[in-house]
Amino acid sequence: MFKMPLRPPSRSVGVRFIVGAVVLFALIHLHLSYEGEGRVYQSTWRWRTGSDREQNQSPYNGTFEEGCEGLTGFDRVVITVKTGATEASKKIPTQLRTTLRCAPHVYIFSDMAQSIGQTQVYDSLDTIAPSIKDVNADFDIYRKQQELRDPEKIMTELSDMRDSRMKDDLAAWTLDKYKNMHIIEKVWALKPEMEWYMHIDADTYVMWSSLITWIQRLDPSKKSYMGSLALINDLPFGHGGSGYLMSREAMRTFAVTNNGTAAKWDSKMHDECCGDWVLAQVLKEYKMDLKNSWPTINGETQSTIPFAEDHWCQPLVTLHHITSPEAEQLGSFEAKRKDKSSPVTYEELFNNLVSDLIPDQLADWDNLSKDGIVPNIASADACAHACQANPKCLQSRYDGAECTIGTKHIALGKKHKPKDGVRWESSWNKTRIAEWVQRQKPCGKPQFPHQERPSKWLDGSR
């Protein structure tokens with residue numbers, strides 16, 4: 001059994017990590033070099049998860065369905081969404097209205113069956129044996145949800161329920177790890193033999209034009225498991241929130257050839273950390289190693305992506321930790337695209353969305369500047385002046401004690417609440433940022449991770 005030495009704190013706040021005897025692993029976006037088939041894109045930046053982001057409202061007033069025109073290939077892919085009863089009624093409607101608006105084959109899996117509008121939500125845990133659930137404290141919240149049945153009461157009364165073993169962990173997150181493998185088996189039973197299956201969370205945003213273009217270049221008859229690489233105990237897995245893509249043959253190997261795998265693991269999951277990590281180790285046993293597909297499968301929001309030269313021209317399929325306003329914002333961005341069937345690249349996302357959101361300066365804000373430290377700086381104004389004096393500086397941040405600058409990466413960032421009277425302030429040199437953008441080489445046709453064959457988009461025969 002893949003047993004962890006110690007169960008990590010909750011990932012519900014947006015950061016996931018595991019504590020060993022002497023090692024702390026940052027999990028969510030630890031994208032390390034990993035040998036596998038195809039090209040691996042490696043950034044010099046240690047990507048991080050944002051929280052407390054500014055609630056940007058979408059300016060789009062049309063219908064998002066307009067953005068589906070010209071898109072084809074939907075019949076080739078199934079989307080599964082993993083959620084929970086404490087959040088489903090809040091997150092799923094926005095996701096269905098924005099990123100999943102064009103998708104015909106969407107299956108929502110939770111820890112309680114319910115309906116959200118016309119959408120059926122399936123209980124991914126209903127087939128777990130009572131002999132396992134009834135004696136397992138991890139299912140305390142599951143039992144309470146079954147008693148309440150009312151989604152509104154569940155969100156109000158159980159959203160803050162804690163794990164009985166580790167009080168810093170949300171009970172809903174502890175339960176979540178049991179879902180991943182059951183979802184694979186259940187969706188295969190509901191919609192078997194599709195070419196591709198994209199597994200995401202309720203706060204994941206999928207760029208459809210990019211996904212459809214990508215799968216046209218992949219072979220579903222091969223066992224493929226692709227995602228954004230993260231590590232626990234030096235063992236790679238596809239980070240669930242960023243999304244992971246499985247081919248028809250990979251799904252069949254798990255759900256048919258090795259039918260019953262999820263049930264075999266139900267009694268063991270109590271001592272494990274995370275469902276996506278365990279899934280990866282099981283898939284490895286079945287001869288399916290993770291194919292690292294970062295930065296195409298990405299775990300940041302549009303605000304926390306550190307835009308840089310090394311992935312400027314790469315196609316983008318997923319974003320993670322997307323709030324409802326951010327989903328509306330991305331939906332508006334997609335709806336306004338002139339060529340809605342072409343894949344979205346980091347370049348396009350920055351030039352047509354993020355660039356317009358960047359101000360000159362902002363108080364109570366962290367713009368994630370991390371490329372260097374300027375010594376002997378005692379104020380935000382002095383930090384901004386120091387950036388101005390450095391011809392390579394694109395942005396800066398003063399945290400009340402230290403001035404850090406960005407010379408290689410550009411990010412909007414996230415809100416930072418004052419603490420003990422100390423306020424963080426961020427600034428951007430928009431003139432230099434515009435010049436940096438102009439210096440980037442034209443992107444040309446995007447190359448996807450592990451692509452094996454040209455698509456209709458690639459050869460221009462759309």
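The model is a predicted one, where local features need pLDDT of at least 70, side-chain atom pairs count only at pLDDT 80 or more, and totals for chains, interfaces and linings use all residues. Residues are numbered from 1 along each chain as its sequence is written, and side-chain values use heavy atoms, leaving out hydrogens and water.

Take helix 6 (residues 179-190) and helix 8 (residues 248-257): their axes come within 9 Å and cross at roughly 105 degrees. Axes here are lines fitted to C-alpha atoms over the stretch in contact, with angles from 0 to 180 degrees between N-to-C directions; helices are DSSP runs (H or I, at least four residues), and strands are E runs of at least two, numbered from the N terminus. Contact (heavy atoms within 4.5 Å) involves M181, I184, E185, V187 and W188 on the helix 6 side, and R248, M251, R252, F254, A255 and V256 on the helix 8 side.

M181 and F254 turn up again in the largest nonpolar core, which has 51 residues; together with Y225 and M246 they have the most contacts inside it. Such a core is a set of buried Ala, Val, Leu, Ile, Met, Phe, Trp, Tyr and Cys residues joined through side-chain atoms within 4.5 Å, buried being under 20% relative accessible area, exposed over 50% and partly exposed in between (1.4 Å probe, protein chains only).

As for rings, Y107 is buried at 14% relative accessible area, while Y122 is partly exposed at 28%.
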